[in-house]
Amino acid sequence: MKLVLKADRLIDGTGTDPVSDAALIIEDGRITDITSRNNLAGLSDDSDVIELNGGTIMPGFIEMHSHMHCSAETDAYQHIMTESDQVFLMRAVGAVRTALSSGVTTMRDLGARNQVAFPVKKAIEDGIIPGPRLIVAGTPITTTGGHCNMFGTEADTVEEVVTAIRNQFKQGAGYIKIMSTGGGFTPGTNVRAPQYPVETLKSAVKDAERLNLRIAAHCHATAGVRNCVEAGIHNLIHCSWLAEDPEQGYDYDPDVADAIAEKGIWVDPTLALGRLNRMRGRVRVAGGTMLDPARRFEILRDMWDRGVKFVTGMDSGMINARFDDFAYIPEVMVDELRISPMEAIVCSTKTSAECLGIAEETGTLEVGKAADAVMVKGNPAEDIKAIHEVDTIVTQGRVVKRNGDLLI
Ligand SMILES: [Zn+2]
């Protein structure tokens with residue numbers, strides 16, 4: 001039986017202009033045609049048609065950075081330090097359902113214990129629980145006592161880091177996560193200093209590539225960003241450009257930004273976190289100083305102008321970053337980076353799929369690809385806030401939300 005989505009317009013995720021009065025035809029989980037909503041002759045009577053007047057068909061969202069066993073509550077740190085793996089597992093099952101219910105049809109988890117990450121991924125694939133297509137790193141790799149050691153693999157030397165990568169590969173990791181600097185979530189770690197020398201990161205990249213895996217590296221300190229870029233890390237996370245000296249705040253290096261663009265390294269600036277924290281009344285201090293959000297956005301805009309590719313990670317599970325918050329990412333991109341809504345949509349779909357190495361499968365609405373699509377009310381190409389109003393969700397051809405009714 002065919003499934004047909006009909007709406008006032010369709011945005012395919014490639015960045016081309018929306019198509020008016022469109023219909024997306026889906027069969028056996030894949031897109032078989034994109035046609036005019038008014039020209040559906042030849043469609044058999046048993047076709048299942050879902051229509052949204054005034055709405056837009058677009059690719060499902062790609063959330064590039066979750067921690068599905070973290071609580072996203074103010075006490076997220078206490079939770080991760082005290083809860084059992086069984087509770088983590090239940091949190092994760094809830095998290096993936098929540099994410100899918102908000103229109104996220106692909107999610108990359110960048111750090112959860114292996115005994116949580118891999119069973120949840122398998123349970124989704126086996127149809128036991130609802131969730132997006134899940135790509136998991138499993139335990140992040142960090143130094144002894146380093147950032148996120150409480151759910152990471154501690155590895156200090158080149159040999160230990162390479163072995164840790166091989167272990168993650170063996171368990172089914174689809175991406176490797178490494179903590180190249182300290183992080184705010186782990187008290188006492190230094191966000192303004194690297195955790196690994198460049199030689200270690202180079203060996204990590206070499207071994208990951210041998211196994212056909214890519215590496216995402218958490219980096220706040222500029223020294224850490226520099227190490228990652230030199231080592232050829234595939235995806236920089238946060239990329240905060242923090243100076244070694246807390247008094248100095250940021251230490252942005254445009255030459256390194258040029259190198260990021262030239263090497264084609266994707267950057268996940270987790271840029272909605274600040275807005276979510278302010279919205280929910282939390283004052284955030286990083287590395288001993290209050291950071292100026294305006295300066296941060298100025299730096300990111302400069303990186304964008306130099307040709308750096310941004311992907312859309314939330315860091316969901318961290319304090320105030322909830323699993324249904326995805327829509328704030330493209331919204332902040334438009335509001336603060338001053339890029340166009342269409343550019344923000346492409347980051348949220350096509351570019352993120354490319355970073356994951358799954359652009360042949362998903363990320364855009366094109367014939368032959370998986371049917372990962374949403375219908376939103378209004379026109380997000382004009383007003384990006386429309387992405388908050390998800391009316392219908394289809395993941396790999398399965399309807400999980402239908403004209404406002406959640407079916408999972
Ligand atoms: Zn994170």
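Which residues lie nearest the centre of the second largest pocket? Of the 14 residues that line this pocket, Ile 124, Glu 125, Gly 131, Pro 132 and Gln 396 lie nearest its centre. The structure is a predicted model, in which local features need pLDDT of at least 70 and side-chain atom pairs count only at pLDDT 80 or more, while totals for chains, interfaces and linings use all residues. Residues are numbered from 1 along each chain as its sequence is written, and side-chain values use heavy atoms, with hydrogens and water left out.

**Domains and the pocket between them**

The protein is divided into domain 1 (3–59 + 364–406) and domain 2 (61–326), with bounds that come from an automatic or database domain assignment. Their C-alpha centres lie 31 Å apart, and the contact (heavy atoms within 4.5 Å) takes 16 residues from domain 1 and ten residues from domain 2. Because both domains give residues to its lining, the second largest pocket lies between them. Helix H3 (114–125) and strand S7 (133–136) each supply at least two of the lining residues; helices (H or I, at least four residues) and strands (E, at least two) are DSSP runs, numbered from the N terminus.

Pockets and cavities are found on a 1 Å grid over the protein atoms alone: a cavity is a set of points where a 1.4 Å probe fits but cannot get out, whereas a pocket is an open set with protein on both sides within 12 Å along at least five of seven lines, and lining residues have an atom within 4 Å of a point. Grid points are joined across faces, edges and corners, and a volume is the space filled by probe spheres set on the points. In the table, Ala, Val, Leu, Ile, Met, Phe, Trp, Tyr, Cys and Pro count as nonpolar, Asp, Glu, Lys and Arg as charged, and the others, Gly among them, as polar.

| Space | Volume | Lining residues by class |
|---|---|---|
| Second largest pocket | about 250 Å³ | six nonpolar, four polar, four charged |
| Largest cavity | about 30 Å³ | six nonpolar, one polar, three charged |

A search of the whole structure finds one cavity of 30 Å³ or more. Among the residues that line the largest cavity are Glu 63, Met 107, Met 314, Ser 316 and Phe 326.

**The zinc site**

The zinc ion has His 65 (NE2), His 67 (NE2) and Asp 315 (OD) as its protein donors, at 2.1 to 2.2 Å; donors are N, O and S atoms within 2.8 Å of the metal (3.2 Å for Na, K and Ca), and water is not among the atoms, so sites may look incomplete. His 67 lies in the loop between strand S5 (61–66) and helix H1 (76–82) and Asp 315 in the loop between strand S14 (309–310) and helix H10 (328–337), so the pair ties together parts that are 248 residues apart in sequence. Both His 67 and Asp 315 are buried, where buried means under 20% relative accessible area, exposed over 50% and partly exposed in between (1.4 Å probe, protein chains only).

**Enclosed elements**

Helix H10 is largely enclosed by the rest of the structure, because eight of its ten residues are buried. These buried residues pack against helix H8 (273–279), helix H9 (293–305), S14 and helix H11 (341–356), and just after H10, Arg 338 takes a positive phi of about 60 degrees.

Ile 393, in strand S16 (residues 390–395), counts as buried at 0% relative accessibility, and its contacts beyond four places in sequence include Leu 100, Gly 103, Ala 373 and Val 400.
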